[in-house]
Amino acid sequence: MGRLPRGRRPTFLRLNDRIAILVVDLRPNESRVGVADVNGNFLSQESMPTSRDPRIAAEGLATRIRHLKEVHSDLVFEGVGISLPGRIDEKTQHIIFAPNLGWADFDLKGAIKRATGMRVELENAANACALAEVWFGHPEKNRDFVVVTVSEGIGAGVFVNGHLARGLRGMAGEFGHVSLDPNGPTCTCGGRGCWEVYGSSRAALRYYHEFSQTQEELSFRDLMGLADSGNEAAHKALEKMFQAIGRGIRMIVTGLAPEEIVVVGELTRQWPQFGSLIEKEVGSAFLAGRAPRVRPAEGEMARLRGAVALVLQKHFGPAVEAQK
Ligand SMILES: [Zn+2]
């Protein structure tokens, strides 16, 4: 209880800081596993390789989770939150679409639950980031926004009229697989010329190889480092990628008229140099009214924070109801 000069005495509420959440940011090559408190602060995090075989990947994750639980035996774990580049059927809770992981129908939730004995929540990475915006941001300000995650692919989490749009079998938000050119490069989904083959980190690497006439193996992080050190091919590759992202966001802006677009991913580190390319595209995309705000997500931990939010959302109730 607090004291005030007059009026009712306020009761201060604070979430128990011994309660923790195990979080996983599942990615095609390398995943991150961490421990966070309920306020979204990270107590530890580490990386591990991701197997192409979902069963082996699930076993590896469960082992890390059990290990972290032992290391932090002073904490009470509320559950496991996993954000991943794919879509989960709401009814069966199976992963039904994850072309960049290369996993077909798979019950990751069941596998981790059986191996760890913990409660497990799965969510598409972009949806999880949208929930994090609501949990850790200012939900009263945000009724209509779209989170765009850019990594090996492009995903979108659509928050519309104060709710997350899920669509039939949880498939809403796959703007990354809208074909922009039926004769374009092939995509992991089996289609051609999808938005993500032009705007993802894989696309940037392809551009770099074209511009530099080399085939050297490098990561997207290496590419950003090259651009920072003045490499022209790397600079041009990132320019082309950011422009493609901006062009794709135009279709989201025109179709959904969000108030805000939040961009998540390693690329946000380059926002000071290239962010204006996205802002310019989006700024000219609205038909009437005004253009939405575009901003990079705060910090590189956005996807892990998304995984925190989805456990909080499930276990403590939604942070926001539809507001007028
Ligand atoms: Zn595709």
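A crossing of two helices is termed right-handed if the near helix is turned clockwise from the far one by less than a right angle, and left-handed if anticlockwise. In the predicted model, helix H1 passes helix H2 in a right-handed crossing. H1 spans residues 54-71 and H2 residues 108-116; the two pack at an angle of about 40°, with their axes 9 Å apart. H1 is therefore oblique to H2, since angles under 35 degrees would count as roughly parallel. On the H1 side, the contact is made by Ala58, Leu61, Ala62, Ile65, Arg66 and Lys69, and on the H2 side by Leu108, Ala111, Ile112, Ala115 and Thr116. Eight of the residues in this contact of H1 with H2 are nonpolar, one is polar and two are charged.

A crossing of right-handed sense is also found between helices H5 and H7. The axes of H5 (residues 201-212) and H7 (residues 232-256) come within 8 Å and cross at roughly 140°. The two helices are therefore oblique to each other, as only angles over 145 degrees count as roughly antiparallel. H5 contributes Ser201, Ala204, Tyr207, Tyr208, Glu210, Phe211 and Ser212 to the contact, and H7 contributes Ala233, Ala234, Lys236, Ala237, Lys240 and Met241. By class, eight residues of the contact of H5 with H7 are nonpolar, two are polar and three are charged.

Helix H3 (residues 125-136) packs with helix H9 (residues 302-316) at an angle of about 70°, and their axes lie 7 Å apart. This angle makes H3 roughly perpendicular to H9. From H3, Ala125, Ala128, Cys129, Leu131, Ala132, Trp135 and Phe136 take part in the contact. The residues they meet in H9 are Ala302, Arg303, Arg305, Gly306, Ala307, Val308, Ala309, Leu310, Leu312, Gln313 and Phe316. The contact of H3 with H9 comprises 14 nonpolar, two polar and two charged residues.

The model also contains a zinc ion, coordinated by ND1 of His177 and by the SG atoms of Cys187, Cys189 and Cys194, at 2.0 to 2.3 Å. The angles among the four donor atoms are 104 to 127°, and the site is tetrahedral. Along the chain, the donors of the zinc ion follow the spacing H-x9-C-x1-C-x4-C. Histidine 177 and cysteine 187 are 10 residues apart, both in the loop between strand S10 (163-164) and helix H4 (196-199).

Terms used: Residues are numbered from 1 along each chain as its sequence is written. This is a predicted model: local features need pLDDT of at least 70, side-chain atom pairs count only at pLDDT 80 or more; totals for chains, interfaces and linings use all residues. Side-chain values use heavy atoms; hydrogens and water are left out. Axes are lines fitted to C-alpha atoms, for helices over the stretch in contact, and angles run from 0 to 180 degrees between N-to-C directions. Helices (H or I, at least four residues) and strands (E, at least two) are DSSP runs, numbered from the N terminus. Angles under 35 degrees count as roughly parallel, over 145 as roughly antiparallel, 65 to 115 as roughly perpendicular and the rest as oblique. Contact means heavy atoms within 4.5 Å. Ala, Val, Leu, Ile, Met, Phe, Trp, Tyr, Cys and Pro count as nonpolar, Asp, Glu, Lys and Arg as charged, and the others, Gly among them, as polar. Donors are N, O and S atoms within 2.8 Å of the metal (3.2 Å for Na, K and Ca); water is not among the atoms, so sites may look incomplete. Four donors count as tetrahedral if all angles lie between 85 and 135 degrees; four count as square planar and six as octahedral if opposite donors are over 155 degrees apart and all others between 65 and 115; anything else is irregular.
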